[in-house]
Structure formats: structure tokens, C-alpha cells
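Open the model in your viewer and keep the selection panel at hand.

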Amino acid sequence: MSLVLPEVRAEHPNVLLFLMDDIGADRFRFYGSNINYSPNLNEFAKTATRFDAFFTHPLCGPSRAALLSGRFSSNTGALNNGHRRNTYFDPSECTLGATFQHAGYDTAIFGKVHAAHRFFFQRGKWPAFDEVCGFNHWALWARSSPRYANSTILTNIGTGDLTFNNLVGVMKNPNVSSTEREYRAWNTYHPHLNRELAKAFITRATVTKKPFFLYLPMLLAHGPFEDNIRDPSLPSDMLTAPDGVSLFGQRQMLADAIIGDILRHLRVSGLESDTIVLVSSDNGTPRAYPSVVNGIVTRSGKRFAAHTKGTRVPLLIKDPRLTLQPSIITSVTHMHDILPTLVEATGIDGYPSGKDIPDGRSFWQMITGELQDWSRWALLFTDSRPPNGVIRNQQYILGTDGNVFYEEQWYNRVAIPPQIVCSQRFLLRKLRTLVHEAWKLDIHCKLPGSKDELCPWSCTRIECNSETDLPECIA
């Protein structure tokens, strides 16, 4: 593979990060799916680096917390979707935007913030959201109203209850004052508002000449399975499919169209050659939406940490500064790796003071070809379905419920005897890691081959019993 690194320049590259909602890797042709609702991303994937084993938590709250912080769930405590109850996710962990803001970037977020949402509900306890999380401009779903139609939004763009067009117009203007407020955006399809705000922010960058970091945590293609007449999930000029599976496909197609429109605007604005673009999703596809990947029927999905459909999500990255043949990275990577990767890719000098250092590791050198591979595993947690904790690579899956699976082909796991943990010592090491991190979250664990649950910190080490060839807890 030929490699041409970019010339060193005084300015940092822009970053545009799309995070879709509830769309796993099983929904894309470039991952072998029978589903084809994403023509824009199909085209983008042809010239992007594709990550084949990119994992995240099977629920959007913990996953988005991992992206914002770059840290393990076992360290942030973000285990569920309680946007008011994520009491362990604190300002020192809302690091993504703050890192770029501290480096002199103009930063913006439009969409659904989730884990950091608590900073809005306890005003007075925290500084302003832009100070805590580092986003200069924001327009976010308030979660107290419909998701898609006539949503209530939290924003600091402009002043007063602005119409769709006026809010977008203000975003383009670098000199307009702003006030933090909450108001109902009537006669508005929320994903289209976020799309136009993103385009306006990009236009603004052509005037300010500052590097930008734009994070778009999208609302699409999250449920409902059947549309609510008070909150239709599609724009009013789009005919709604008669069944829930087709409706989800329409929402995926709409998400793809929005991404494509923003990417075209980036190109027309003349900023494409200076912008790193990432596309991913917050968790896997819900089980209600079937798919077939390379001949394998996918099972379960969102909320299920031990199922590939719930945790394997797309990741495409394109850096136009690099002259590389399109590549596929097969090493295991995780959502918490994105923050350190972007820090290295943009040449930012570390993290702001007062922020926790990420647990994730930069995979930038795999993109540039300087590093060929690594042997990392993914830690995955949720409190929505058992097992609550999993550690896995491309083939082996170990759960806190004591089950062990082998997955020779994606989405086709089979249970294997628990004795393999002791016959393959690297599995024993991974089991120890899983139990240690799970106990930080007060998760009770079963060892493979045992029916007994271990309370947190109930033993000092885990060893193999020479008579049973099974792991056991040594007090």
C-alpha cells in the first residue's frame, strides 16, 4: 500500500462527525447486507477507510458517553439511557467538544446529546453547556416533546423563538448574539432543521476562516415501529410505508440523504479537501428489523451486548489529506477510541485541564498504514438485557452470565464448552479483565461452567482448577 502523508500546515483540519441512531453494520451493502437504503454512503465508502470490527455499547446512552469521553463505561458509570439519571457522567468526562474548543476550533453540535443532557436539567450546578462540553453553538432535542415533528429544542443560537429559516440564517452570521433558551420549533421537521443548521455552520466557516469541529448526533433512524400521529417520523411530503419494517428503511434512507446533502454542501463550499469526515452509529439495529449479512440471518440486536447485531456498527473515515487506496481495517476498535484518534489526526496538543484522559487508544496509525494491526478486545456494557457485560474480539465472546461463544462468521455465533477458557490462557486473561471492569459497575458475574453469581470484589483472583479445567474465584 502506497502512503503519502500530508504536508505539515499551520492550520488544523476540520472535522465532521456523523452519528446515526440505531443503524448497525448489518444494514449496509458495504458490510455484506442484503439491505440497500444508503446510496450516498455506498458511494462515500468507496473512497473511505472502512472498519470491519468496530464495536460500541448496545444502547445509545452509554455509547454516546463513550464517544464524548473516550472512556470505558466502567469508569464513567454510564450504563443506561437515563438522561436525567446519568449521575456518574460528570463535566470532567464531557471531553470531545472541549478538546477542539480548547485548540481554537469553532465547535457545534446539532441533534441528540443524551449522556450530557443532565447538564441542562440541573442549571446552576454546572457552568453553561458550551463551557462544560465545549460546543460553541448547539441546538439539541429537549426530550420533553416529540422527537421529529414540532420538537422542543435547547439552543444558544440567536435569541427568541426563531422560525426554521431565521434560526438557520442566524447560524450563518458570525456576529449575531446568542442566548441559551428552550422553545418549541413549530412547523419544523427536526432532522431537516439539523441538516440546514449543519450546512449553515459550514458556510459560516468560509467566512470566519477558523477550523471547525461539527458533531451531528442524528435522530434518524430511531423508532417508533409504528408512527405516532402526533410525532410522524417522516417529513409531511413523504408517503409513510404501511408497515414498521419498511418505515425503518425509509428513515434509514432519509438519514443517508441528509448525510449526502451535507457532504455535497461541504464540497460546494470548498472545504472538502480540508475536512476529515467520520460516519458511524450509536448502537446496533433493533431486533424488530431483520437483515441478512453474507447469507447469515441476523438475530437480536440493540440492547443485547452478546449479539453482534447489537454492538457492531459502521465506521467510515475519510481524510482527504492522505493519498491512500481505500482500505479495510479488521482490528477490533471501539467508540471510545475515536476521541484519541481525532486528537492525533488533527495534531491537537493533548486535552484541556480538568478533563479525564481517555481510556481509548488512537487507531490513526492504522489509517495511515504505519501500524498494521493490534490485538485489542472490546468491552461492552448495558443494564437493559443480560448479560450486562461482555468482552469480545472478532471470534470469541465472553459474558458476565458465564456463557462463551465462538463466531467464525459475523452474526453466526455458537456456544462452546466453558473449559476452553482454561485451555486457551488468553481467554482467561480476558475473563479477568471483564470481571474486574464489571465489578466497577456493581455487575454480578458468573464464571464459565458455574451456576453461582459472584458479588463484586468477592475474590482476589481468578484461576483455573486443575481438576475441573474451569475457572474459579480464589478468595
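Select cysteine 455. Its sulfur is 10 Å from the closest cysteine sulfur, in cysteine 473, too far for a bond; a disulfide here is a pair of cysteine sulfur atoms within 2.5 Å. Cysteine 455 is partly exposed at 41% relative accessibility. On this scale buried means under 20% relative accessible area, exposed over 50%, and partly exposed in between, with a 1.4 Å probe and protein chains only. The model is predicted: local features need pLDDT of at least 70, side-chain atom pairs count only at pLDDT 80 or more, and totals for chains, interfaces and linings use all residues. Residues are numbered from 1 along each chain as its sequence is written, and side-chain values use heavy atoms, without hydrogens and water.

Next, cysteine 445. The closest cysteine sulfur, in cysteine 459, is 9.5 Å from its own, too far for a bond. Cysteine 445 is buried, at 0%.

Now the bonded pairs. How many disulfides does a search of the whole structure find? Three.

- Cysteine 459 and cysteine 473: sulfur atoms 1.6 Å apart. The S-S torsion is about -105°, so this disulfide is left-handed.
- Cysteine 422 and cysteine 464: sulfur atoms 2.1 Å apart. Cysteine 422 sits in helix α13 and cysteine 464 in strand β20, so the pair ties together parts 42 residues apart in sequence. Helices (H or I, at least four residues) and strands (E, at least two) are DSSP runs, numbered from the N terminus.
- Cysteine 94 and cysteine 133: S to S 2.0 Å. The link is right-handed, with 105° about the S-S bond. Cysteine 94 is buried at 0%, and cysteine 133 is buried at 0%.

Move to phenylalanine 18. Beyond its neighbours within four places in sequence, its contacts (heavy atoms within 4.5 Å) include Leu216, Ile259, Leu263 and Val279. Phe18 is among the residues that touch the most other members of the largest nonpolar core, which has 69 residues. Such a core is a set of buried Ala, Val, Leu, Ile, Met, Phe, Trp, Tyr and Cys residues joined through side-chain atoms within 4.5 Å. Helix α9 gives this core the most, nine residues. A second, separate core has 50 residues, including Phe135 and Met366.

Last stop: the α9 side of the largest pocket. Five lining residues come from α9, the largest share. By class, the lining has five nonpolar, four polar and five charged residues; Ala, Val, Leu, Ile, Met, Phe, Trp, Tyr, Cys and Pro count as nonpolar, Asp, Glu, Lys and Arg as charged, and the others, Gly among them, as polar.
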